[in-house]
Each structure stands twice: as C-alpha cells, then as structure tokens.
Amino acid sequence: MNHCPKCDGPASREIREGVLEVDVAHAGETWEQAREKIVKALDQAIHYRHAGLKIVHGYGSTSGHSIIGPRATAFLRHLAEELGGRYARDRNNRGASIIWLNR
C-alpha cells in the first residue's frame, strides 16, 4: 500500500483497469453542481488509481445552447495540465471528455 496524493490515505499500488465514468449533465445539474461532481470524481479516480476519468458533459440541447459542456471542457483541460495528465475528447461520444492520469 502507498498513500493517495489527495487525502494521504491508503491506496493500492496497482492501477485499476478501465476508466472511471461520471455523467455531470443529464440530471439537471447547474454548472456549480457539475463542477463539484468533476472534482469528487477526480479525487476518486486518483485515490483508486484508475487509468483515467471520463466526464460525460453533453454538447448542448436541441436549441444548441450549452452551459456545462464548454465549461467542463475548459476545466478538464486545466485539471489535466495541473496534474500532469492528458486531456482528450472521447472519440465515441462528442459530449464526453477524458483525463488520462499518467503515473
């Protein structure tokens, strides 16, 4: 066991298979709620040593107006840079982005 860089609690040394996926846009979230979900999901992904974090943020409503999508994208890019990870758009879902957690 080693320590989680976010909470200094125990964390296993093995990276879990797969990517942690969290939807932050389809339950009527405000931007503030979506941002909080992203931060909590990132903490969980780091603590449990997932290879990456996929955030489903949507790409806009039928009116074409999107609040969460652009803000989430910018925030995720910032977080990836801050953590030394890599930001990428999900190739299979234009309403989702991934932070690859490089270790």
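The structure is a predicted model, in which local features need pLDDT of at least 70 and side-chain atom pairs count only at pLDDT 80 or more, whereas totals for chains, interfaces and linings use all residues. Residues are numbered from 1 along each chain as its sequence is written, and side-chain values use heavy atoms, with hydrogens and water left out.

The secondary structure consists of 2 helices and 6 strands. Here, helices (H or I, at least four residues) and strands (E, at least two) are DSSP runs, numbered from the N terminus. Read from the N terminus, the elements follow the order β-β-β-α-β-α-β-β. Of the 103 residues in the protein, 40% are buried, where buried means under 20% relative accessible area, exposed over 50% and partly exposed in between (1.4 Å probe, protein chains only). The protein exposes about 6500 Å², of which carbon and sulfur atoms supply 48%; accessible areas come from the Shrake-Rupley method with a 1.4 Å probe, and for residues only the protein chains shown count as cover. Contact means heavy atoms within 4.5 Å. Among contacts with a separation of 6 or more, 61% are between residues 24 or more positions apart.

Helix α1 covers residues 31-47, and its 17 residues should span 24 Å at 1.5 Å a residue; the end C-alpha atoms are 24 Å apart, which agrees. The expected span of a helix is 1.5 Å times one less than its number of residues. The buried residues of α1 are Trp31, Ala34, Ile38, Ala41, Leu42, Ala45, Ile46 and His47. An α-helix has 3.6 residues a turn, so residues three or four places apart point the same way. After α1 comes arginine 49, with a positive phi near 55°.

Helix α2 has 16 residues, and the distance from its first C-alpha to its last is 22 Å, close to the 22 Å expected at 1.5 Å a residue. Its buried residues are Ile68, Gly69, Ala72, Thr73, Phe75, Leu76, Leu79 and Ala80. The buried residues of α2 pack against α1, β4, β5 (86-89) and β6 (96-100). Alanine 72 is located in this helix and is buried, with a relative accessible area of 0%. When residues up to four places away in sequence are not counted, alanine 72 touches Trp31, Ile38 and His57. Alanine 72 and alanine 25 are 47 residues apart in sequence, and their C-alpha atoms are 9.7 Å apart in space. Just after α2, glycine 84 adopts a positive phi of about 75°.

Strand β6 is joined to β4 by 5 bridges, and the two run antiparallel; two strands pair if DSSP finds at least two bridges between them. Valine 56 has alanine 96 of β6 as its bridge partner. A further 4 bridges join β5 to β6, also in an antiparallel arrangement, and tyrosine 87 is the bridge partner of isoleucine 99 in β6. With 6 residues between them, β5 and β6 form a hairpin. Strand β6 is mostly covered, as 4 of its 5 residues are buried.

The largest nonpolar core contains 21 residues, of which Ile38, Leu53 and Ile55 touch the most other members. A nonpolar core is a set of buried Ala, Val, Leu, Ile, Met, Phe, Trp, Tyr and Cys residues joined through side-chain atoms within 4.5 Å. At least two residues of this core come from each of β3, α1, β4 (50-56) and α2 (68-83), and α1 gives the most, with 7 residues. Leucine 53 touches residues that include Val19, Leu20, Ile38, Leu42 and Ile98, residues up to four places away in sequence not being counted. In soluble globular proteins, nonpolar side chains tend to be buried together.

Glutamate 29 lies in the loop between β3 (16-23) and α1 and is buried, with a relative accessible area of 12%. Apart from neighbours within four places in sequence, glutamate 29 is in contact with Asp23, Val24, Ala34, Lys37 and Ile68. The side chains of glutamate 29 and lysine 37 are joined by a polar contact of 2.4 Å. A polar contact is a pair of N or O atoms within 3.5 Å; within protein, one must be able to donate a hydrogen and the other to accept it, and residues adjacent in sequence count only if both atoms are side-chain atoms. A polar atom of the glutamate 29 side chain also lies 2.9 Å from the backbone nitrogen of alanine 27. Glutamate 29 and isoleucine 68 are 39 residues apart along the chain, with their C-alpha atoms separated by 8.5 Å.
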